[in-house]
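Open the model in your viewer and keep the sequence panel beside it.

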Amino acid sequence: TYIAQDMVKAFRGETGRCTDAARGAIRLGFHDAAGWSKSTGPHGGADGSIVLAPVEMTRSANNGLQQAVYQTQAWYQQYKQYGVTVADLIQFGANVATVVCPLGPRVKTYVGRKDSSVAAPDGLLPSPSQDADTLLDLFAEKTIGANGLIALIGAHTTSQQEFVDPSKAGDPQDSTPGIWDVLFYTQTLGLAPLRVFKFQSDVVLSKDSRTSSTFKLFAGKNGQSIWNEVRWSRTQIRHEME
C-alpha cells in the first residue's frame with residue numbers, strides 16, 4: 001500500500017491522466033519480462049536484471065528507460081529493508097501505472113520474484129520495424145499467441161516514441177496518450193491525426209490475416225471492455241466476433 005501510494009504520486013498528472021513516469025513504468029515492466037524465451041536457458045524474464053545488470057541499459061532497444069530505472073532504484077533503496085525485490089517493484093510499478101491511467105483495468109499483482117544481476121539474453125525484444133512472421137514467432141517463443149500479442153501491443157495507447165524517428169520525438173501512438181483506451185487500435189487501422197506516429201510493426205499486425213480480426217475486435221463496439229478483460233482463448237475471440 002505504501003509503495004503504491006508513492007507510485008501513484010509519480011504516475012498521475014495534475015489533469016488525472018498518466019504521466020511520462022507511468023509510461024516508463026509500463027514499458028520497463030515489459031522490457032524486463034520480455035528478455036526471455038523457451039530456448040534461451042535459465043536467465044532473463046521478470047528478474048530485475050534490466051535494473052541490476054547495467055549492460056542491458058546500453059542496448060538500443062532500452063533507449064528512453066533511464067529515468068524509469070533511476071526511479072525504480074530509488075524506490076528499492078527506500079523499501080528494500082522490508083524484503084521487496086527489484087523484480088517485484090518493476091512489475092508492480094507497471095501494474096500500478098496501468099491502473100492509474102484513466103480506463104486502465106485493475107491488475108492482480110503476484111510477488112515473490114527473485115532478483116538477478118545476470119543480463120537477459122540480447123535480441124529478444126521486438127522491433128518497430130519487424131514483419132508479422134518475425135513478431136509472431138518471437139512471441140510464440142515467449143508462450144504468447146497471436147491474440148495475446150494483439151492485446152499486449154495495446155499498451156502503445158499510452159506510448160510516445162522518442163527514438164524510432166528522432167525528428168518526431170514525443171509523438172504518441174494514438175491521440176490520447178494519457179488514457180488507457182482502445183483508440184490505438186482504431187487509429188492504427190484507419191486515419192489518425194497528423195502527430196500520431198504509427199509503428200510499422202503495429203500496422204502490419206493490424207493487416208495480417210492471423211491477427212487482424214482481433215485488432216478489429218478491440219477497435220469495435222465494446223472494444224474497451226473486451227480488451228480490459230484480456231484473458232483470451234480462441235473460443236472467446238470467436239464468441240465475441242459472432
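Six salt bridges turn up in a search of the whole structure; the term means a side-chain nitrogen of Lys or Arg within 4 Å of a carboxyl oxygen of Asp or Glu. The model is predicted, so local features need pLDDT of at least 70 and side-chain atom pairs count only at pLDDT 80 or more, while totals for chains, interfaces and linings use all residues. Residues are numbered from 1 along each chain as its sequence is written, and side-chain values use heavy atoms, with hydrogens and water left out.

**Salt bridges**

Select Arg23 and Asp20. Their side chains form a salt bridge, 2.8 Å from N to O. Both residues belong to helix H2 (residues 20-33), three residues apart, which puts about one helical turn between them. Helices (H or I, at least four residues) and strands (E, at least two) are DSSP runs, numbered from the N terminus. Arg23 is buried at 16% relative accessibility, whereas Asp20 is exposed at 56%. Here buried means under 20% relative accessible area, exposed over 50%, and partly exposed in between, with a 1.4 Å probe and protein chains only.

Next, select Arg59 and Asp122, whose side chains meet in a salt bridge of 3.7 Å, N to O. This pair links distant parts of the chain, 63 residues apart: Arg59 sits in the loop between helix H3 (49-52) and helix H4 (66-79), and Asp122 in the loop between helix H5 (86-100) and helix H6 (132-140). Arg59 is buried, with 16% relative accessibility; Asp122 is exposed, with 59%.

Move to Arg113 and Asp88, a salt bridge in which the closest N and O atoms are 2.6 Å apart. Arg113 is in the loop between H5 and H6 and Asp88 is in helix H5, so the bridge ties together parts 25 residues apart in sequence.

To finish the charged residues, select Asp133, Asp208 and Arg210, which are linked in a network of salt bridges.

**Aromatic rings**

Now show the side chains of Phe, Tyr and Trp. The whole structure holds ten aromatic pairs. Rings of Phe, Tyr and Trp (its six-membered ring) pair if their centres lie within 6.5 Å; planes under 30 degrees apart count as stacked, over 60 as edge-to-face and the rest as tilted.

Select Tyr79 and Tyr82. Their pair is tilted, at 6.3 Å centre to centre and 45 degrees between the planes. Tyr79 is buried at 10% relative accessible area, while Tyr82 is exposed at 63%.

Stay on Tyr79, in helix H4. Leaving out residues up to four places away in sequence, Tyr79 touches Tyr2, Ile3, Asp6 and Val84, where contact means heavy atoms within 4.5 Å. Tyr2 is 77 residues from Tyr79 along the chain, and their C-alpha atoms are separated by 9.5 Å.

Then select Tyr185 and Phe218. Their ring centres are 5.1 Å apart and their planes at 45 degrees, so this pair is tilted. Tyr185 lies in helix H8 (residues 183-189) and Phe218 in helix H10 (residues 212-219), so the pair ties together parts 33 residues apart in sequence. Tyr185 is buried at 0% relative accessible area, and Phe218 is buried at 0%.
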